[in-house]
Amino acid sequence: MPVFDVNKVRSDFPILGTHVHGKPLIYADNAASTQKPQQVMDSISDLYSNHYANIHRGVHYLSQKSTALYEGARETVKNFIHAKKIEEIIFVRGTTEGINLIASSYLEPLLKAGDEILLSEMEHHSNIIPWQLTAERTGAILTIIPLLENGELNLSVLPTLLSSRVRLVAVTQMSNSLGTLNDISRIIELAHQQSIPVLIDGAQSIAHMAIDVQKLDCDFFVFSGHKIYGPTGIGALYAKEKHLLNMRPYQGGGDMILSVSFEKTEYNDIPYKFEAGTPNIEGAIGMATALDYVSDLTIEAIAEYEQELLAYATKIFTAIEGLHIIGTAPHKGSIISFVLDGIHPHDVGTVMDMEGVAVRTGHHCTQPVMEHYHIPATTRVSLSFYNTFEEIDDIAKAITKVKELMG
Ligand code: PLP
């Protein structure tokens, strides 16, 4: 039994009515970015039409109104991920900027040559390169939790990898190329036994499961608004207050100060200390509307429905001869990556597009994962709560068409 009315939900997303090459659009590229409900567009339009001014510094009516909406958005993020305090929520451009901020402001001052940063083999490039840059500057090294063949992390080696030289563990909660859901509670527990802080990349997980940063006890959690039905160019970084209080600023500029002279600057309190310059006001407000939208559907109902879609798609795709799913972990989010015997994923994607199906092909910014499986690329179907079982049948038909034309 459907947990919510998918057709009603779909009507909130005008773009889903698009036709592509004369066929109704089937949007299955949600791991790259999600589509936006009318409510998000309306909230941004309402801001510009009725409440907009620059925030924090103005005594006038509109500035105060904008400030209240922006700070209200911070409260919404705090509640959505169950942080303890609004001071622990920093608005950033997205997951990428959040990770760079932690690498630069938290980790780099602590690092010395020979220290280790522990990542996993399934990380997105955004959760590799910032650490690599920091390591290059300090002489630290990256160590890696390896993948098992089914796309799970091999956590049996974790206790050995968590040596006294590790200064931070940074792992994704959900793989964007394999779909794997990692047992981050276990990773955090083991790391904390050695007093090692943990950053969770929530770019994918945020839209598919309930997040409680206090229960998880992670030190840092990052996500992007555009992956959870909100605007691009906005995201949030959660960091425990005790870390933020000791961190150096990430960027300098207006709003992050209490006083400035040419001799000395006194920084503002957290979270403002980490938000230099005029922020993405409409982005924060639009993202909060998206979080409210998801909360109204309830993330539990979304997760249940998406798991049904995943199970159905896995069954249907597995029955296609010559199709091999890459990433068969027992716990997955609604992502199916696959390769087709003898056909390059780019050709798969191009033919599927002609059938109206939007999927992503390539390495998905996870080249180490591709290297692990000795493949250049996969075709990735990533599903959302607005996808339907009928669409999965049509995606399977499009794959069969690919085989007819290219096989
Ligand atoms: N981490 C994961 C797991 C992702 O899937 C992505 C985006 O695809 C990112 C990080 C980077 O997110 P953004 O480009 O929004 O900063």
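Helices (H or I, at least four residues) and strands (E, at least two) are DSSP runs, numbered from the N terminus. With that in hand, let's walk through the structure.

## About the model

This is a predicted model, in which local features need pLDDT of at least 70, side-chain atom pairs count only at pLDDT 80 or more, and totals for chains, interfaces and linings use all residues. Residues are numbered from 1 along each chain as its sequence is written, and side-chain values use heavy atoms, with hydrogens and water left out.

Start with the loop between α2 and α3, where you will find H56. H56 is not a glycine, yet its phi is positive, at about 70°. The loop between β12 (265–267) and α10 holds P271. I270 and P271 are joined by a cis peptide bond, with omega about 5°. Why point these out? Because most residues other than glycine have a negative phi, and most peptide bonds are trans.

## Helix α10 and its partners

Helix α10 (residues 281–297) packs with helix α3 (residues 61–80) at an angle of about 40°, and their axes are 9 Å apart. Here axes are lines fitted to C-alpha atoms, for helices over the stretch in contact, and angles run from 0 to 180 degrees between N-to-C directions. Angles under 35 degrees count as roughly parallel, over 145 as roughly antiparallel, 65 to 115 as roughly perpendicular and the rest as oblique, so α3 and α10 are oblique to each other. Their crossing is left-handed, meaning that the near helix is turned anticlockwise from the far one by less than a right angle; clockwise would be right-handed. Residues of α3 in the contact (heavy atoms within 4.5 Å) include L69, Y70 and F80, and those of α10 include I281, M287 and L291. The contact of α3 with α10 has twelve nonpolar, two polar and one charged residues. Ala, Val, Leu, Ile, Met, Phe, Trp, Tyr, Cys and Pro count as nonpolar, Asp, Glu, Lys and Arg as charged, and the others, Gly among them, as polar.

Helix α2 (residues 38–51) also packs with α10, at about 145° and with the axes 8 Å apart. α2 and α10 make a right-handed crossing. Among the residues that meet are V40, I44 and L47 in α2 and I285, T289 and Y293 in α10. This contact of α2 with α10 has eight nonpolar, four polar and one charged residues.

## Helices α11 and α14

Helix α11 (residues 299–318) and helix α14 (residues 389–406) cross at roughly 30°, their axes coming within 10 Å. α11 and α14 are therefore roughly parallel, and their crossing is right-handed. Y305, L309 and I316 of α11 are among the contacting residues, as are F389, I392 and I399 of α14. Eleven nonpolar, no polar and two charged residues form this contact of α11 with α14.

## Around the ligand

Which residues surround the ligand? They are T95, T96, H124, S126, T172, N176, D201, A203, Q204, S224, H226 and K227, where near means a heavy atom within 4 Å.

Now look at polar contacts, which are pairs of N or O atoms within 3.5 Å; within protein, one must be able to donate a hydrogen and the other to accept it, and residues adjacent in sequence count only if both atoms are side-chain atoms. An N or O atom in the side chain of H226 is 2.7 Å from a ligand oxygen atom. A polar side-chain atom of H124 is 3.4 Å from an oxygen atom of the ligand. T95 uses a polar backbone atom, 3.5 Å from a ligand oxygen atom.
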